[in-house]
Amino acid sequence: MGRPKDSGETVDVACTPLPASAQAGAMNHAIVRVARLHRMLAAQLLRRVGLHPAQELVMMQLWDHGPQRQVDLVRMLGSDAATMTRTIQRLEHAGFVRRKPCPTDKRATIIEATPASQAVRRQIEDIWTELETATTAGLTPDQQAEALKVLQRIEDGLARAVSG
C-alpha cells in the first residue's frame with residue numbers, strides 16, 4: 001500500500017516494524033509515524049491553495065482572533081520566533097498577511113490577515129474537513145471521542161514534562 005510522497009514518489013505506509021533500538025519506546029515510535037503521515041497528507045492537501053503545513057494554523061488564528069503581535073502568534077501556536085518569522089514572510093509574500101508596526105510598542109509587529117486570505121478561507125476549512133475525515137476513517141464516533149481523550153492526556157503529560 002502506498003501514497004504519493006511530496007516528490008511524486010510513493011512511500012510505503014504499511015505498519016512500520018518497531019526497530020529493536022526503539023523497543024522501550026513503542027508509543028514514541030507510533031506517534032512519530034502517525035505525525036509523519038498526517039503531515040504528509042496535510043502537505044498534499046494544502047498544496048492546492050499554495051500553503052505548507054502550519055501556515056494554515058497562523059491564518060486560522062488571525063481569522064478567529066484578528067490582528068495579533070507576532071510574539072503572541074509564537075506563544076499561541078507553540079512555535080519559535082525564527083520559524084514564525086519565516087512563516088510570516090512566506091505568507092506575506094503570498095499576499096495572505098501584512099505586517100504593521102504596533103502602535104503601543106515600537107519593538108512589536110502586528111500581523112493581520114488580508115482580504116486575499118479570506119478568499120481561500122473556505123478552501124482551507126474544506127481541506128481541514130478532508131484531513132479530519134482521512135484521519136478518523138474507520139473509527140466510530142465513540143472511538144474518535146476516546147482517541148481525543150487519550151491524545152489530550154498524552155498532550156497534558158508531555159506539556160508537564162516540557163515545563164518542568
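Predicted model: local features only at pLDDT ≥ 70, side-chain atom pairs only at ≥ 80, totals over all residues.
**Notebook: charges, core and strands**

I started with the charges: the protein has 21 positive and 18 negative ones, and their mean positions lie 5 Å apart.

**Overall look**

Next I looked up the overall layout. I found six helices and five strands. Reading from the N terminus, I wrote the order down as β-β-α-α-β-α-α-β-β-α-α. The C-alpha trace spans about 55 × 40 × 30 Å along its principal axes. I also checked the surface: the accessible area is about 11000 Å², and carbon and sulfur atoms own 57% of that. How much of the protein counts as buried? For the 164 residues, the figure is 28%. I then looked at contacts between residues at least 6 apart in sequence, and 48% of these join residues at least 24 apart.

**The core**

I went looking for the largest nonpolar core and found that it has 23 residues. The ones with the most contacts inside this core include Leu 51, Val 58, Leu 73 and Ile 124.

Setting aside neighbours within four places in sequence, I see Val 58 in contact with Leu 73, Leu 77, Met 84, Thr 87, Ile 88 and Leu 91.

**Helix H2**

Why is H2 largely enclosed by the rest of the structure? Because eight of its eleven residues are buried. Buried here means under 20% relative accessible area. I jotted down the buried ones in H2: Gln 55, Glu 56, Val 58, Met 59, Met 60, Gln 61, Leu 62 and Trp 63. After H2 comes Gly 66, and I noted that its phi is positive, near 80°.

**Strands**

Last stop, the strand pairs. E4 (residues 97-101) and E5 run antiparallel and are joined by five bridges. I looked up Val 97 and found Ala 113 as its bridge partner in E5.

How do E3 and E5 pair? E3 (residues 68-69) and E5 (residues 109-113) pair in the antiparallel sense, over two bridges. Here I found Gln 68 opposite Ile 111 of E5. A reminder for myself: in a regular strand, side chains alternate between the two faces of the sheet.

Definitions and conventions
Residues numbered from 1 in each chain as written. Heavy atoms only, no water. Helix = DSSP H or I, 4+ residues; strand = E, 2+ residues; numbered from the N terminus. Buried < 20%, exposed > 50% of the residue type's maximum accessible area, 1.4 Å probe, protein only. Contact = heavy atoms within 4.5 Å. Areas by Shrake-Rupley, 256 points an atom, 1.4 Å probe, with all protein chains shown as cover. Lys, Arg positive; Asp, Glu negative; His and termini not counted. Charge placed at Lys NZ, Arg CZ, Asp CG, Glu CD. Core = buried A, V, L, I, M, F, W, Y, C linked by side-chain atoms within 4.5 Å. Pairing = 2+ DSSP bridges.
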